[in-house]
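Visitor: I would like to learn how to read a cavity and a sheet in a model. Please take me through them.

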Amino acid sequence: MSNSSVQSVDRAIAILEILASKGATRVTDLAVELDVHKSTAFRLLNALEQGGLVEQSGDRGRYRLGFGVVRLAGAATAQLDLSKESREVCRRLAEDVGETVNLAVPQDGHAVNISQVRGPSAISGHNWVGQRTPSHATSSGKVLLAFGALPLPRELERYTPATIVTVEGLALAEIRERGWAGTVEELELGLNAVAAPVRGSDGSVVAAVSASGPSYRLTAERLPEVGAILVAGAREISQRIGYYR
């Protein structure tokens, strides 16, 4: 990103902060606050208006925060609430299955982990929080794919010899029918995982809760058993964030 682009982003953020603190403000006053020409302030406001982040108030020539800001704030709050409300359930799941439990949400075509609880059997392990993981090679990603929370990627990259690289092989309809998805050494050799869907208040799948562990302990044969436990846990998390059948 060029210096001018960074400067434009900084100024756009400054406009949002000014409008948040002062309310509806004239373009000329914003230009003075930013120490820029009025045309520059208007150009930035126009870009923010296109994104729904600002809007013109009833008072001609004044701008105020738009509903796009409310939408973004609501999305951030929902994610924070999801992490908070799921924490105790994830702790219990980690204790029950003895493995590391993660909560992942869809973001930019990937499954992104926002919370992690290590099980009692975990001696050490990778911290997945904040990590973007491929949808087709992870149990959480498969759940998000199967229930429409993520789009199918254009290319299914191979990570191990066991990675599934065809849409048919993902068996998304089967995942929807049984209610959980599993992976057997598909992202990393020696690592297995299983996940179940978490639903929001409108019934759509907004996240996936998963358990992962070494393949010698979380064996392929154990996946249905652990999957059933996670389905029950995911249902409880869903109810905590407002989903009812």
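Guide: What follows treats the cavity, then the sheet. This is a predicted model, where local features need pLDDT of at least 70, side-chain atom pairs count only at pLDDT 80 or more, and totals for chains, interfaces and linings use all residues. Residues are numbered from 1 along each chain as its sequence is written, and side-chain values use heavy atoms, without hydrogens and water.

Visitor: Which residues lie nearest the centre of the largest cavity?

Guide: Lining residues have an atom within 4 Å of a point. There are 17, and Thr 138, Ser 139, Ala 193, Ser 210 and Ser 212 lie nearest the centre. Strands are DSSP runs of E, at least two residues; β8 gives the most to this lining, three residues.

Visitor: What is the strand order of the open sheet?

Guide: Two strands pair if DSSP finds at least two bridges between them. The six strands run β6-β5-β4-β9-β8-β7, with antiparallel pairing. β6 (132-133) and β7 (181-184) are at the edges with a single partner strand each, so one side of each has no neighbour in the sheet. β7 pairs with β8 over four bridges, and Ala 193 in β8 is the bridge partner of Thr 183.

Notes. 1 Å grid on protein atoms, 1.4 Å probe; cavity = no way out; pocket = protein on both sides within 12 Å on 5 of 7 lines; lining within 4 Å.
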